[in-house]
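Here is a friendly briefing to read with the fold open beside you. Keep the viewer handy and follow the topics in turn.

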Amino acid sequence: MRNRVLITGGAGFLGSHLCERLLEEGNDVICADNLFTGSKDNIRHLMGNPYFEFIRHDVTNPLFVEVDEIYNLACPASPVHYQYNPIKTTKTSVYGALNMLGLAKRTGARILQASTSEVYGDPEIHPQPEHYRGCVNPIGIRSCYDEGKRVAETLFFDYYRQHKVDIKVMRIFNTYGPRMNPNDGRVVSNFIVQALKGQPITIYGDGRQTRSFCYVDDLVEGMIKLMKSRRGFTGPVNMGNPGEFTIGELANQVIAMTGTKSEIIYKPLPGDDPMQRKPVIKLAREELSWEPTIELEEGLKKTIQYFKTLI
């Protein structure tokens, strides 16, 4: 009998790759998405599969389906999108968590929360282990996302303690790859799109801030391993690539790989933008036997190829 899996945010960048992978593994997949940042184009190639179902649905409203597993990915994840309607962003994280946890409680489903490295804010500890509680501005322009995701984690653990819901919580660090939205304002897509169009490459700040970049296939592999992990291992568990690069290094690598003649221009750093971001993935290695295998150059090559088909 096929496992029945619900993926909220399934038409998004990450969600569409997860839908694809779970179908390949023989699951019956329901993709729920309100298409605010997701796109039917990301899942068009799956529409003919009899074991794939798309529902246009906003997770701030309850959803009544019978499922065995829930991946809760629904939420705008880039500053451009989550700051467009910050109140809606907070509602998506909080009401979405409540509604999906309620569904998991009713059906007995195992539920995974796609949390984020943003729960660490602008970290005072580097790299960031799971026990670090973060340095988050609760009233800043990013707090709709940061604090929304933190509350969602709170709700997951309260449902685990109070109602014995079978939860998994992962904290996702910067992830990139094909199907990223070209207008999402994230650094990898920004740089590649600007380079391919011959536009100046925009660095916010001095370019010395660091990020760790995980290719989407590695991240999806980790997500599935966490969902299949032993009962009682709840996380939170960091997932990302511990390879650390400055934003300036990333810009120069994109310039070299695209062959563009784009110049680099510098603009002021947005408020509360973290200076450092790098995961400690010891827990994922020990509990899940997971670590990323795709190097930045290889992942960028595939991502650049994808964006060439769009531009």
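In this predicted model, strands β4 (residues 69-72) and β5 (residues 110-116) run parallel and are joined by four bridges. One of the residue pairs links E69 to R110 of β5. Helices (H or I, at least four residues) and strands (E, at least two) are DSSP runs, numbered from the N terminus, and two strands pair if DSSP finds at least two bridges between them.

**Reading the model**
- Because this is a predicted model, local features need pLDDT of at least 70 and side-chain atom pairs count only at pLDDT 80 or more, while totals for chains, interfaces and linings use all residues.
- Residues are numbered from 1 along each chain as its sequence is written, and side-chain values use heavy atoms, leaving out hydrogens and water.

**The sheet**
- β4 and β5 belong to an open sheet of seven strands with parallel pairing, in the order β3-β2-β1-β4-β5-β6-β11.
- The edges are taken by β3 (52-56) and β11 (237-239); each has a single partner strand, so one side of each lacks a neighbour in the sheet.
- On average, neighbouring strands of this sheet are turned by 20° against each other, direction ignored.

**Helices on the sheet**
- Helix α1 (residues 13-24) lies across β1 (4-8), β2 (28-33), β3, β4 and β6 (167-172), and runs at about 170° to β1.
- Helix α6 (residues 216-227) also packs on the sheet, where it touches β4, β5, β6 and β11, and its direction makes about 160° with that of β6.
- For these angles, axes are lines fitted to C-alpha atoms (for helices over the stretch in contact), and values run from 0 to 180 degrees between N-to-C directions.

**Helix α3**
- The 22 residues of α3 (residues 86-107) should span 32 Å at 1.5 Å a residue, and the end C-alpha atoms are 31 Å apart, which agrees; the expected span is 1.5 Å times one less than the number of residues.
- Buried residues of α3 include T89, V94, M100, L101 and L103; buried means under 20% relative accessible area, exposed over 50%, and partly exposed in between (1.4 Å probe, protein chains only).
- Among the elements covering the buried residues of α3 are β1, β4, β5, β6, α2 (79-82) and α4 (143-163), with contact meaning heavy atoms within 4.5 Å.
- After α3 comes G108, which has a positive phi near 75°.

**Helix α9**
- In α9 (residues 296-310), the buried residues are L296, G299, L300, T303, I304 and F307.
- These residues cover an arc of only 135° around the axis, which puts them on the same side of α9; the arc is that of the directions from the helix axis to the C-beta atoms.
- The buried residues of α9 pack against β7 (175-176), α5 (187-196), β10 (214-215), β12 (244-246) and α7 (247-258).
- K301 and T309 are exposed on the other side of α9.

**Residue E286**
- E286 sits in helix α8 (residues 282-288) and counts as exposed because its relative accessibility is 54%.

**The chain as a whole**
- The chain has nine helices and 13 strands, and 55% of its 311 residues count as buried.
- Its C-alpha trace spans about 55 × 45 × 40 Å along the principal axes.
- Of the contacts with a separation of 6 or more, 81% come from residues 24 or more positions apart.
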